Every structure is written in C-alpha cells, then in structure tokens.
Amino acid sequence: MDETREETVAVYDADGDVVGAAPRSRVYAEGLWHASAGVLVRSTDGNRIYVHRRSDTKAVFAGMHDCLAGGVLDPGEAPLQAATRELHEELGITGLIPTPLASASWDGEWAGRPMRCHLFAFGVSYDGPIRHQAEEIVDGWWWTDGELAQRLADPDWLFVPDTRVLIPKLLRR
C-alpha cells in the first residue's frame, strides 16, 4: 500500500509516551509501541456484556472474538477520543461518554511478529440498538460475565490476546 495514503498511527515508547507517528503497516510489521482504546458495553442493569466477532478481513486478530469495541489512536488523539470514535464506528452507539475502567500494556506476538500496545479500556451502560460496521464486526451478542469467563477458559476459543490482559480488571466475579 502507498504509505502516503495509508492510515497513520501514533507511536509510543515502552513507558507510554508519544514519540511520533508511522503508517499502520510499519507499526505492525516492526512491532512498534502504539496505543489502542476500547469500550466495554454493559447492559444498563450491569448483568450482561456485549461480545462480538471481528471480521475475517481485519489486519490483526481477524475472526477473533472481543468484548471491546476499539482501535488504535491516531496522532494527537487522546484515548477517550479514540474510544468514543470507535464506539460509534464499530457499534453505531452515539451520545454516551465512556468512563475509564482500566489500562495495561501488552508486549506480545501476532503472526510471528512482535506486537506492543498500551491499552485503554472504557465502559458504557447501554441497552439500545447496535449497528455493526460490516468491515469490522460480523456478529455480536450479550453474555453474562460468567458466560464470557467460561468461554475464555476454553483454549480453542479465539479471543483477542491484548484484551485478554484486561479481562481480570473488566469482569465481575
């Protein structure tokens, strides 16, 4: 892809400080530190979480399940801005201000390459309609924390690995 037309991502250092920007493909190919923000959607009674399956065409973690609607931070974008943007883009939810839930850093691997990301999780309470962005999400449903935890215990159930580091801070047990 022509880098002049490719999406640019904010690049961070290991300590979580912004140090520049780079094309998304370079960030993923070289395992550069970057940041992502995601939103956990709970029912207004607090008893259910919206879980979804990512499309098979996603650049990373294609076809895997997740419980955060989210994405990478653009240059100059704050985590809350990214979370609000992604909530609207991926699930069609607007008019809510996500509240901070947890943060973590993930230094892992994807497709045989290093992947390093500072993660920011936010939450909203919501019972309204959900509209998936077809390029990003192919299906979704509501589960209790226990149902999600049970699925996460199955090593064959594909779940986004960076969200996994936040699960202990997000689930109510």
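Select Glu 86: its place is in helix 2. Helices here are DSSP runs of H or I with at least four residues, strands are E runs of at least two, and both are numbered from the N terminus. Helix 2 spans 79–91.

Some ground rules before moving on. The model is predicted, so local features need pLDDT of at least 70 and side-chain atom pairs count only at pLDDT 80 or more, while totals for chains, interfaces and linings use all residues. Residues are numbered from 1 along each chain as its sequence is written, and side-chain values use heavy atoms, with hydrogens and water left out.

**Stop 1**

Buried means under 20% relative accessible area, exposed means over 50%, and partly exposed lies in between, with a 1.4 Å probe and protein chains only. Now show its contacts, that is, heavy atoms within 4.5 Å. Not counting residues up to four places away in sequence, Glu 86 touches Ala 37, Ala 69, Gly 70, Gly 71 and Leu 91.

Glu 90 is buried, at 3% relative accessible area. Leaving out residues up to four places away in sequence, Glu 90 touches Leu 68, Ala 69, Gly 70, Arg 131, His 132, Gln 133, Glu 136 and Ile 137.

What does the record say about these two? An unreviewed UniProt entry places the feature "binding site" at Glu 86 and Glu 90. Glu 86 and Glu 90 from this set are in the lining of the largest pocket. UniProt positions follow the numbering used here, feature names are shortened, and annotations may be inferred rather than shown by experiment.

**Stop 1: Gly 70**

Select Gly 70, in strand 6. It is buried, with 16% relative accessible area. Beyond its neighbours within four places in sequence, Gly 70 contacts Ala 37, Gly 38, Glu 86 and Glu 90. Draw a distance from Gly 70 to Ala 102: they are 32 residues apart in sequence and 14 Å apart in space, C-alpha to C-alpha.

**Stop 2: the largest pocket**

Display the largest pocket, which holds about 480 Å³ of space. Which residues come closest to its centre? Of the 31 lining residues, they are Arg 54, Lys 58, Gly 70, Gly 71 and Val 72.

The search runs on a 1 Å grid over the protein atoms alone: a pocket is an open set of points where a 1.4 Å probe fits, with protein on both sides within 12 Å along at least five of seven lines, and lining residues have an atom within 4 Å of a point. Grid points are joined across faces, edges and corners, and the volume is the space filled by probe spheres set on them.

Colour the elements that supply at least two lining residues each: helix 1 (24–30), strand 3 (33–42), strand 6 (69–72), helix 2 (79–91), strand 8 and helix 4 (161–164). By class, the lining has 14 nonpolar, six polar and eleven charged residues. Nonpolar takes in Ala, Val, Leu, Ile, Met, Phe, Trp, Tyr, Cys and Pro; charged takes in Asp, Glu, Lys and Arg; the others, Gly among them, are polar.

**Stop 3: Glu 136**

Go to Glu 136, in the loop between strand 8 and strand 9 (137–143). Buried or exposed? Glu 136 is buried, at 16% relative accessible area. It touches Arg 53, Arg 54, Ser 55, Lys 58 and Glu 90, not counting residues up to four places away in sequence.

**Stop 4: His 52**

Pick His 52 in strand 4 (residues 49–54). It is buried, at 2% relative accessible area. Apart from neighbours within four places in sequence, its contacts include Met 64, Asp 66, Leu 68, Ile 137, Asp 139 and Trp 141.

**Stop 6**

Select strand 7 (residues 99–110) and strand 8 (residues 113–125), which pair in the antiparallel sense over eleven bridges. Pairing needs at least two DSSP bridges between the strands. Ser 103 stands opposite Phe 120 in strand 8.

Two residues sit between the strands of this hairpin, where Ala 111 takes a positive phi near 55°. Ala 111 is exposed, with 63% relative accessible area.

Jump to Phe 61, in the loop between strand 4 and strand 5 (65–66). Its phi is positive too, about 55°, although it is not a glycine. Phe 61 is buried, at 3% relative accessible area.

**Last stop: the domain**

Zoom out to residues 32–165, listed by UniProt in an unreviewed entry as "domain: Nudix hydrolase". Over this range the chain is 19% helix and 40% strand, and the end C-alpha atoms are 19 Å apart.
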